Amino acid sequence: MDFGFQLSPSSAVNLDTVDRRRYDALVQLEPDALTCIGCGSCSATCTASPWSGMSVRKVLLGLQRGRDGEVDRMLSACMLCGKCSMVCPRGINTRQLILTLCRLDKNGEVVR
Amino acid sequence: MRERFASGFDPFVIPFLIGMFFVLGYCLVAMVRVIAQLPKDDRKRFLLSLIKPKYIWMNLRDIFLNCLIHVKLWQRNKVLGYMHSSIAFGWFMLIVLGHLEVMLFVPERIHLFYYPIFFNYFVAETESTVQGSLLMFLMDFFLLMILSGIVLAVIKRFASRIVGMRRTTRLSLMDRVGLYSLWAIFPLRLLAESFTAHISGGSFLTIPANWIFRQFLGNDLNALPTWWAYSIALMVFMCVLPFTRYMHIPAEMLLIPMRNAGIKIRHPRKGFASLEVYSCPGCGVCIDACPMSVQKVNCKDATVYLNRQLRRGDERRIAEISDKCLLCGKCSAVCQVGVQGPELRLAQRERRKYALSPAFAGLDTAALVSAAASGGGPGKVLYFQGCMTRLTPSIRRATTSLLDKADVRWQLMDPDEGLCCGRPLMMAGRTEQARELIAKNREIIRASGCDTLLLSCPICYRVFRDEYALEGVRVVHHSVFFQELIAAGKLQVRHEEGLRLVWHDPCELGRGCGIYEQPRQALAAAGELVEADRHHAESICCGGSLGSLTLSFGQRVPMVRNALDKLTAAAPDQIVTGCPLCLATFVREADRPVRDIAEVLDERS
């Protein structure tokens, strides 16, 4: 049957197979992450965004969707300028959230 | 003077000798270790400085003024100054005069360490001479001075407000042992010398005390036990000294020459950092100074406690304290020893391990470089807004408008997009990554060919000034630049009578770069300048600092309110600052307009 559109299997996200260990560990360490409403203020102000598409909102979303490569690419462009924490309407300490995330390895363990 | 004992020895000196050899040995080993831990070039620099006459003079002067007289503490609080210098200088004089007595009366005993300390036990006065009674008088005088200091110390411990401190340090167990033995030493000395004063002679303090004691005791049996007690108190103090805050006494004497030689913290724990930690006297002046202390829960995160945890090696607390700090630098500004709290914390942050590190070397900045090259040129001012100014565009508009009014030719370094200056990365301890950003930015500045780099953000200003090595380019903060334009008559600012303005010294501009007067002079042209309750080097951080990694938005609010309270003490009409981050932080909580200096000047020109 033709619905006029189709799902592309390559980019479909199967939430059952997503490894959420990193996100779960982040939420444990920075419970603030749960309060994100995805408003995109951080995306709009991000200094690194024009260079890499960095955005805390997308990082959090990507973690929950298992888009690990994209998340790492974005994180490695962050200049920690702190504008995102200044504009966040939920008062999330995004700078610390990013630093904590950078300290987690693939298994969600804090590197020592 | 005649010796009472041919052997010149009594078993009661043994505890003192044990204590003294222990503490001397410990300090010697510690000193060698600290020097050995310095990086090679630092070590060479330090050792060379020790033989240069200029440094020798500087070191002696600083050690005398800081360790003995406590000049900085006097300037801060006269009661605390007297308390510390009476004990330190008085004790020093007792030791010096003791040696003088031995040299004068029994020179053959000078090689015995304990003789100058227990002189009055070992000699009997045969005739009173002028030098003899002068020395006795001085000994009693300095003992009285120390005792007055001890009385103040006891008062301070139990009612710190009387001596002008709101909060004082909570002592650890070892510190208590050290403190109580220190308190015991001098009253015991007074007792011991008083009991033997009719034999050894004495002066205005010991002779009357001796007379009183003899009225109801009537014999000399109490003399020896008190000399034992005095010796044991000395032993206890010297044996616990390395494990207490009193380690600052020997440590500071090494810290001062090292600092004079220009040594900086290069390792989070070893070498100069450990020396700073041990030099902390634990006085707690930093607790009241810390902007975080408005909330009691943060009092344990002051620099004095960081130093304590670094000595204990409690990694969890070290990380917690290091990451919380706003890096405003006020603790260093008020510390009489000059412990660099922010630098110590940054060194801990640099040590942290990350699974993922940003990389900026590969960023393609060709478009920015070519834009700067085409628009710049000698004689032009390159204006870098930086991240924070881009978030507060009114500052950029006011700044560029002022530049136009003064006929200054300018070029924007980051019109639509730009890089961060690198300072926030450095504050998070990611110095290597910051260097990559610095290299990228330097390329853009060099390509522009401009000879002045203008910054409207003190965070950027500090890093451009200190880390960029831009020879031939003048790095200047906009408040200074506008003050110069006003002074040169290129910018006319209307003075508004009755407009009360208060200047908030941003941490990075004031304590960080030492710029206090130029912004005030510029503001004085626009209105009537009033001062905050705390200003210049004692200005209070706005609470929004990027220095703190872990403080949440809500936790900062009481600090912002406290800073605003102190700022508005003189009832100003407007609060003026030179930092977009301070501005954005204050605006949320202030009850009156908060403006950037560029906006205030632009409105009136």
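**Notes on the predicted two-chain model**

1. Let's start with confidence in chain A. Its average pLDDT is 91, and 96% of the residues score at least 70. Please keep in mind that this is a predicted model. Within chain A, helix 7 (residues 94-103) has the highest confidence, with a mean of 95, while helix 3 (residues 49-52) of chain A has the lowest, at 90.

2. Next, the overall build of chain B. Its secondary structure consists of 29 helices and ten strands. Taken along the principal axes, a box of roughly 95 × 55 × 45 Å holds the C-alpha atoms of chain B. Chain B has 605 residues, and 48% of them count as buried. Among contacts in chain B with a separation of 6 or more, 75% join residues 24 or more positions apart.

3. Where do the two chains meet? The contact involves 24 residues of chain B and 26 residues of chain A. On the side of chain B that touches chain A, two or more residues each come from helix 20 (386-391), helix 22 (423-427) and helix 27 (553-567) of chain B. That side of chain B is made up of 18 nonpolar, four polar and two charged residues.

4. Helix 24 (residues 458-467) of chain B is worth a look on your screen. Is this helix mostly covered or mostly uncovered? It is mostly covered, with seven of its ten residues buried. The buried ones are B:Pro458, B:Ile459, B:Cys460, B:Tyr461, B:Arg462, B:Val463 and B:Phe464. These buried residues pack against several elements of chain B, including helix 20, helix 22 and helix 28 (580-589). Strand 3 (381-384), strand 5 (452-455) and strand 6 (474-477) of chain B are also among their partners. Helix 20 and helix 22 of chain B also give residues to the side that touches chain A. Just after helix 24 of chain B, you will find B:Ala469 with a positive phi of about 50°.

5. Finally, a helix pair in chain B. Helix 3 (residues 53-68) and helix 12 (residues 248-260) of chain B pack with their axes 9 Å apart, at an angle of about 140°. Because of that angle, helix 3 of chain B counts as oblique to helix 12 of chain B. The crossing of these two helices of chain B is right-handed. Helix 3 of chain B brings B:Tyr55, B:Met58, B:Asn59, B:Asp62, B:Ile63, B:Asn66 and B:Cys67 to the contact, and helix 12 of chain B brings B:Glu252, B:Met253, B:Ile256, B:Pro257 and B:Asn260. Together, the residues of this contact divide into seven nonpolar, three polar and two charged.

How values were computed
Residues are numbered from 1 along each chain as its sequence is written. Chains are lettered from A and ligands numbered from 1 in the order in which they are written. This is a predicted model: local features need pLDDT of at least 70, side-chain atom pairs count only at pLDDT 80 or more; totals for chains, interfaces and linings use all residues. Two residues are in contact if their C-beta atoms, placed from the backbone, lie within 7 Å. Helices (H or I, at least four residues) and strands (E, at least two) are DSSP runs, numbered from the N terminus. Ala, Val, Leu, Ile, Met, Phe, Trp, Tyr, Cys and Pro count as nonpolar, Asp, Glu, Lys and Arg as charged, and the others, Gly among them, as polar. Axes are lines fitted to C-alpha atoms, for helices over the stretch in contact, and angles run from 0 to 180 degrees between N-to-C directions. Angles under 35 degrees count as roughly parallel, over 145 as roughly antiparallel, 65 to 115 as roughly perpendicular and the rest as oblique. A crossing is left-handed if the near helix is turned anticlockwise from the far one by less than a right angle, and right-handed if clockwise. pLDDT is the predictor's confidence in each residue, from 0 to 100. A residue is buried if 20 or more other C-beta atoms lie within 10 Å of its own, exposed if 12 or fewer, and partly exposed in between; C-beta atoms are placed from the backbone.
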